[in-house]
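Subject: Structure for you to look over

Dear colleague,

I am handing over the structure below, and my notes on it follow. Please read them with the coordinates open.

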Amino acid sequence: MIKISEYIDKRSIWFVLFGFLFFSFWFNGSLFWSQIFFDSSTNGSIWGEVRVYEWLTNKFYEAIVAGQNPFGFYTGMLYPFRLQIGLTDAGNGLFYLPLRPFFSSYTSFSIIMALSQLMANIGMYLLLRKFQISKMVSFIIALAFGYMTFLAVRQGHLNYFMIYVFPWFYLCGYSLLISKEASTRIVSGLGAAVFFALSLWTNFYYFIMIVISIGAFLIYYLTIAKKQLFIKLKERWLDLLRTVLFIILLLIPWIKGVYEGIKFESIPRLPGWGGAIDFSADLFSFLVPSGYNHYINNYYPDLYEKIVKTYAHFAEGAFENFVYPGLIILIGLVLYSILHLKKGHRVKMKPSQPFFFVTIVFFVLTLGPFLHVFGRGGYYLDDTIKLVIPMPYVLLHFIPLFENIRVPGRLVVAFIFFAYITVAYVFEYLIRKRSSFFRSLFFGALLLVFIFDQRYVSNLTPPDVDYPYKIYETIAKDPSFSTVMEIPFTVRDGFTYFGDEDAVSGIVGESYHGKPIIGGYTGRIADYKRAYYYRNPFLGYLGRAMDSNVSKNPIIDQKELSKWSTLDKQSALLVIDFLDIKYVIVDNKEIYSDTVSKTLIDLGFKEMMTDGRFSLLMRPPKNREFLKVDFDTPNLVTYLGMGWQEKEGQFRLAEKKASVMMKLTKKRDMTLRFITHVERPKSVSIDVNKKNIGQLLLTPKNSSYKIDTNNKLNPGINEIHFFFDSVNDDGLTAAEFEFIELLDSK
Amino acid sequence: MLKAIKEKALIFRYEIAFTLLVSLLTIVFNFQILRNVILYDSMTIPIDDGVVTEFLTETEYKSLSHFNNPFATTTKVLYPFETNFAFQDTSFINVPFLFVLRPLLDIHQATQLIVLFNIALGNLVMYLLLRRFKLSNFASMIGALIYGFSPYLSYRVLGHLTYTATYFFPLLMLIGHSILNNNSNRQRVLFSIFWGAVWAGLYYANPYYFITAVIGSLLLFVCSLVYFKKRAIGTMVANLGLVPISILSFLVFLLPWILSANEYLMRNRLPELKGIVRPLTLSSDLMNLLFPSEFNPLYNYIFDTISNKNSLLAKLSVFFEGNWGRFGYPGILILVSFVIYFFARKKIPSITKQYMKVFAVSGIIFAILSLGPLLKVFNKWYIILPEEIPIYFPLPFLALHFIPFFDIISAPSRFITGTVFFGSIFAAFIFQFISDHLKKEKLLKFFILVLLIFIVDQTYFVPNRAPAELPVETYQYINNHQTGGTVLEVPFVLRDGLQYMGDVHAQQIMRGAMIHEHPIIGGYLSRIDSAIFDYYRALPFIGHIGKIIDKGNFHLYKEPAKTPSVSQFLASNEMLLEEIELLDINYVIVKNDELYSQIIQEKLIELGFKSVMEDGSHSLYFRRSKDLEFTNISFGDKESALFAGRNFSAPERGFRWGLGKSSTVFIKTNKASSQDINFEAASFHLPQEISIYLNDVFLDGIDVETKRKQYTIKTKGNLNSGLNRIDFVYSKSFKPSIVLTNNLDNRDLAMQFYSLTLE
């Protein structure tokens with residue numbers, strides 16, 4: 001008997017790995033592993049948001065393969081604008097390198113997801129072992145962490161499966177602080193840097209959570225064990241500095257991309273709380289499990305719905321504010337609290353206190369900006385005075401970077417991570433001196449709780465979707481540069497949409513034919529890009545026509561709707577030629593398809609082929625140049641980028657950063673001429689295609705300026721950016737533009 | 001004999017000196033009040049809230065003189081409604097003094113003298129209390145002066161006269177101390193009886209002070225448990241038997257009030273404070289704890305000087321001058337005492353420190369309570385977060401808003417008296433501590449220095465403001481005139497602490513009521529049922545006059561009045577006469593130099609009134625009532641607003657809803673008879689039993705069904721000639737939003753009334 005236990009103990013790591021693999025195949029068999037054999041992307045059975053994320057990841061991978069900075073700007077969706085792939089949590093493209101040569105994008109993606117959870121299991125196990133937690137407790141907690149309840153509702157947001165960054169970052173960080181061997185500390189420092197950078201690349205929320213957790217630990221030690229902290233910092237400052245250097249080195253491409261983004265993009269601004277109030281947890285939502293639990297979903301869906309409706313209406317349809325952490329955590333934290341009532345227990349469990357503190361920090365942050373209790377977010381003292389309880393999350397809203405967290409409910413991942421470590425200490429403390437029989441019983445009970453409480457549903461398959469693959473192939477064969485428009489299309493982000501809200505699959509075609517598409521769907525779209533589509537004489541008309549809910553779409557100005565019921569053919573043709581829209585794929589199942597097809601044919605498009613219910617229309621764009629931007633023209637939006645106010649008289653006011661687009665048919669050196677008025681002298685720096693061509697001093701006396709483009713212009717659409725050094729008294733605008741043109745240098 | 005007096009005087013030299021000092025300061029600080037008492041002109045009236053106290057105490061005094069319950073209902077004001085004094089600020093504590101003063105002086109003079117007496121007494125009783133705590137004469141005098149001349153009083157002497165009875169707080173503590181530290185059981189019983197009586201006296205003086213004392217006692221009890229646990233429990237157990245004695249004494253002395261209150265509550269609900277806006281407006285700003293009184297000459301001069309310097313200082317000056325409703329400055333000596341304590345706390349003997357902590361904590365808690373339900377800093381009481389979400393900072397007072405009895409507190413800033421009381425005791429301990437560490441030769445200098453600081457900081461001068469002229473001859477004419485009836489004075493006001501109708505400063509009508517002794521339209525009391533406002537506003541004659549005489553709610557001495565929006569009467573003469581007849585308006589006094597005077601005078605002539613006398617700028621119009629009968633009411637008619645007195649909805653499809661706990665209907669008959677009351681009604685939601693009162697006499701209880709039905713009640717000889725009040729007291733009422741699905745109606749509905757007739 002002793003020999004068997006010794007045998008198991010010596011080879012425990014293999015048993016542990018086998019256990020993790022077993023649960024991976026059990027829980028994720030049909031969800032991820034099956035993709036190796038049955039690729040869902042072949043029949044289009046993929047959730048819309050997964051498709052977008054997978055597309056972005058693939059773009060990231062393609063950039064690496066092409067030897068480019070994956071955090072730069074790439075053409076793909078939302079033409080004529082370019083997308084900064086690297087800032088869309090697409091970092092998993094790194095792991096495509098070994099997989100893509102063998103698997104489809106979606107299969108590669110699924111393998112990465114499954115492996116992420118295995119990595120999370122292993123990382124958590126090793127971390128807990130580092131904290132002197134027994135193998136048995138470490139195993140069960142690592143298993144529970146890897147299949148955390150939060151993931152049950154995230155099967156459409158797969159980048160939230162990257163939870164391994166937490167244990168691995170802290171494992172490396174902890175090793176860095178405690179290891180006596182220099183080589184271990186170097187490797188650990190590098191590891192911490194890698195996982196820190198990975199969190200930033202793969203999931204910005206996780207990156208923020210790691211940053212907050214570091215801050216919370218610092219606050220804890222500065223308050224409770226200041227001396228201990230300073231001794232450690234003094235001891236390890238070199239290692240920490242080295243780790244910071246590693247991080248900076250790893251983040252150089254990212255920093256470069258961010259710098260370009262800040263310089264050339266308008267950062268989307270969150271309106272108000274950006275939905276944070278609705279997306280934050282209710283105080284009692286921590287007690288309501290998910291309907292996506294395997295057993296609830298398959299055996300008791302009606303009972304669950306009835307109970308939630310009756311007793312927890314605030315948790316009905318919970319998604320972004322779903323925060324149930326699982327029974328293991330709830331029981332563990334209750335036990336922790338009970339144990340802490342007695343000083344003796346409290347002293348013995350001291351190592352767990354920092355983790356408990358950080359757990360509480362995240363618990364409080366998860367509650368969002370204002371406390372909600374049983375669905376009530378405030379109390380009316382009077383008809384007008386509503387008393388709300390502000391929570392610490394409010395502070396985050398005013399801190400740069402952290403202000404981007406608009407879904408406090410997602411912070412529950414960090415809560416769960418630190419809560420599991422706390423709970424591991426509790427369980428370890430409780431079973432430490434118990435008999436092996438008790439320990440086995442305890443292990444068995446926990447395992448059962450884990451399985452029944454945390455196994456998520458994995459058989460929810462999205463419906464099959466037909467795609468016009470033949471049409472894509474036809475377009476792909478066309479070697480010339482052109483743009484593809486699919487009807488319907490959408491311009492959608494997490495807040496608003498324009499066009500057909502559900503038409504998110506245009507990117508599938510882009511993956512096939514490789515040509516930029518009109519419209520797109522990503523986390524956040526800058527206001528000026530949305531406005532470009534919304535006000536564009538051609539795209540604006542189509543977007544409204546294909547929106548079945550146009551009368552209720554909050555971004556649509558209902559008073560202006562009648563103006564958009566007809567199409568100005570001349571303006572539309574200018575847009576089509578400017579944007580090189582050569583191919584239009586029409587889904588004929590829509591009620592507006594006929595009208596749109598007729599309009600397109602009227603514009604000169606000809607039906608080229610059909611593929612199932614889809615038609616391909618084609619019109620070779622005219623080889624025209626667009627070299628003038630006359631701000632006196634009423635609807636100029638087709639050539640405007642960011643930073644322009646509405647037309648006033650014969651001019652438009654440019655903001656501190658403004659851009660226009662001009663189109664050439666052949667590369668040549670040209671002079672940029674523009675007429676502008678300024679209130680007081682100021683300088684303007686001008687970039688063509690993101691490359692600086694020089695600086696000009698603008699004075700109130702002059703209005704006409706010229707600058708050589710230094711051969712930076714390319715065939716096709718060129719972006720010209722104006723960067724002013726100061727703004728007018730209104731704090732927003734910088735200069736009145738009347739005219740911009742490109743002149744041949746000769 | 002002389003020698004004995006001399007010896008006595010020598011023993012009590014400090015007490016005598018302090019009494020002289022207090023008398024002198026009382027006279028100096030309140031010189032204007034004393035001057036008004038001496039040079040009183042009965043033809044004028046100061047325009048302040050004091051007239052309310054004068055009216056109430058005069059009425060109570062007269063009732064008591066005739067051996068009636070002083071808190072009995074009256075129709076002297078707010079005609080045709082009855083007013084119960086039990087839930088007003090009774091000011092009854094003044095009445096015993098009036099028995100001495102009224103035979104010699106006018107009610108105004110007597111009241112002002114009582115105010116001066118209260119102030120002086122506050123100082124003296126506080127001095128005795130501090131001496132009881134074994135503090136030196138020096139510390140006791142300073143502590144007593146800080147308390148007795150609290151800057152808070154500078155505002156209260158201008159109208160809130162019962163707030164000058166500050167002597168009750170030290171008196172209660174003094175008696176309480178006597179009970180706890182007396183070995184004679186007989187004396188302890190006597191003190192307990194006295195203690196109960198003083199509690200009752202405090203309630204009669206000022207209900208706010210009563211609540212303050214209740215909270216103060218609870219705080220002392222809790223703090224004592226915290227700082228002197230064993231001793232406090234021991235004392236509590238030893239004196240538990242005396243509590244019933246005090247309670248019994250309290251109830252016996254409060255009996256007249258209890259009887260009157262009980263009668264009122266039979267037919268009405270307790271006055272409730274709706275919403276949080278009023279406590280919010282009348283709570284101290286955090287900065288008010290540091291901003292002194294505008295009636296202090298030095299501070300006033302400083303703020304006057306700086307107000308022109310720049311916009312920030314001008315804002316500070318405005319803040320300083322707008323202190324009235326939120327004043328919370330306890331005085332610099334109390335504030336400095338806390339600072340000294342902070343720095344010297346380690347040097348103070350621990351037992352003394354324990355005592356001081358009790359007073360300090362109690363004082364600070366009162367200061368926090370005075371800040372009201374939500375924190376305000378420079379009048380900013382919320383910050384706006386994105387999406388226009390205001391964030392408020394709730395304070396402990398908010399909890400009181402949800403506790404029965406305490407929920408009627410609508411002016412938290414008045415809790416500052418508690419801070420001043422405990423703060424003064426605390427300050428006295430601090431000055432005792434300092435004087436203990438001073439050499440004898442420096443002690444006098446220190447005393448003079450502190451006295452000077454006190455005088456500079458706490459001096460206030462009551463401003464000399466021009467009083468309003470009264471048509472006293474007209475009042476006397478009405479008083480001597482043989483005809484009864486109601487008096488309408490234009491301008492008039494219907495006003496309480498929350499709202500007003502008419503001319504907000506026309507409180508002279510209260511003085512008129514005291515002289516001519518006829519019922520008046522309108523009135524000014526601390527609490528008026530909002531149903532009375534609704535009734536007045538709906539009347540075509542009074543309601544319209546109320547509108548056209550309204551000059552806005554302006555501060556008489558700081559803001560200009562708005563020009564009233566004068567317009568012709570909209571209702572027909574027939575309707576106006578109906579109203580005049582029902583309300584028996586025989587006399588109308590019109591101030592004839594106002595914008596609205598001509599329109600009203602012309603209309604009065606048109607309605608049959610005749611000008612009977614001129615009195616300075618006032619004219620008196622008279623019209624004898626025709627004794628018309630109003631015995632047939634159709635509640636569905638718009639015109640029935642005249643008879644649907646209290647707690648009725650607007651007419652709806654042939655009926656009106658009776659709301660809340662009870663409704664009042666007015667009818668008029670020209671002969672006392674035994675007619676029956678017939679009414680058609682239906683109960684809302686569930687059948688219920690209702691009680692019917694005629695002129696306060698219970699007639700019968702009947703069961704009302706939910707379907708429309710005719711009911712008959714015998715009047716049993718209680719029907720009077722003239723206006724009669726029928727009260728319907730409900731046993732059930734429901735909100736449709738609660739009892740019916742998909743209904744947003746939040747009114748408290750009891751019954752549907754269709755018609756009422758006398759047959």
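Chain A is divided into domain 1 (29–163), domain 2 (169–267), domain 3 (275–432), domain 4 (472–618) and domain 5 (628–744), the bounds coming from an automatic or database domain assignment. This is a predicted model, in which local features need pLDDT of at least 70 and side-chain atom pairs count only at pLDDT 80 or more, while totals for chains, interfaces and linings use all residues. Residues are numbered from 1 along each chain as its sequence is written, and chains are lettered from A and ligands numbered from 1 in the order in which they are written.

Taken over C-alpha atoms, the centres of domain 1 and domain 3 of chain A are separated by 26 Å. Their contact draws 14 residues from domain 1 of chain A and 18 residues from domain 3 of chain A, two residues being in contact if their C-beta atoms, placed from the backbone, lie within 7 Å. On the domain 1 side, helix H6 (residues 135–146) of chain A gives the most, with five residues; helices (H or I, at least four residues) and strands (E, at least two) are DSSP runs, numbered from the N terminus. That side of domain 1 of chain A divides into 11 nonpolar, three polar and no charged residues, where Ala, Val, Leu, Ile, Met, Phe, Trp, Tyr, Cys and Pro count as nonpolar, Asp, Glu, Lys and Arg as charged, and the others, Gly among them, as polar.

Helix H20 (residues 506–513) of chain A is mostly covered, with six of its eight residues buried; a residue is buried if 20 or more other C-beta atoms, placed from the backbone, lie within 10 Å of its own. The buried residues are A:Gly506, A:Ile507, A:Val508, A:Gly509, A:Glu510 and A:His513, and what covers them includes helix H3 (48–65), helix H19 (469–476) and strand S9 (581–587) of chain A. After H20(A) comes A:Gly514, which has a positive phi near 75°.

Also in chain A, strand S13 (residues 644–648) and strand S14 (residues 651–655) run antiparallel and are joined by three bridges, strands being taken to pair if DSSP finds at least two bridges between them. A:Lys647 has A:Arg652 in S14(A) as its bridge partner, and in this hairpin, with two residues between the strands, A:Gly649 takes a positive phi near 60°.

Turning to chain B, an open sheet of four strands has the order S5-S9-S11-S10, with mixed pairing. Strand S5 (486–490) and strand S10 (610–615) of chain B are the edge strands, each pairing on one side only, and the twist averages 20° from one strand to the next. Helix H28 (residues 597–606) of chain B packs on the sheet, touching S5, S9 and S11 of chain B, and its direction makes about 155° with that of S9(B); axes are lines fitted to C-alpha atoms, for helices over the stretch in contact, and angles run from 0 to 180 degrees between N-to-C directions.

Elsewhere in chain B, the axes of helix H2 (residues 13–29) and helix H6 (residues 107–132) come within 10 Å and cross at roughly 150°. The residues of the contact of H2(B) with H6(B) divide into seven nonpolar, four polar and no charged, and B:Phe18 and B:Val22 are among those that H2(B) contributes.

Best wishes

Terms used: A residue is buried if 20 or more other C-beta atoms lie within 10 Å of its own, exposed if 12 or fewer, and partly exposed in between; C-beta atoms are placed from the backbone.
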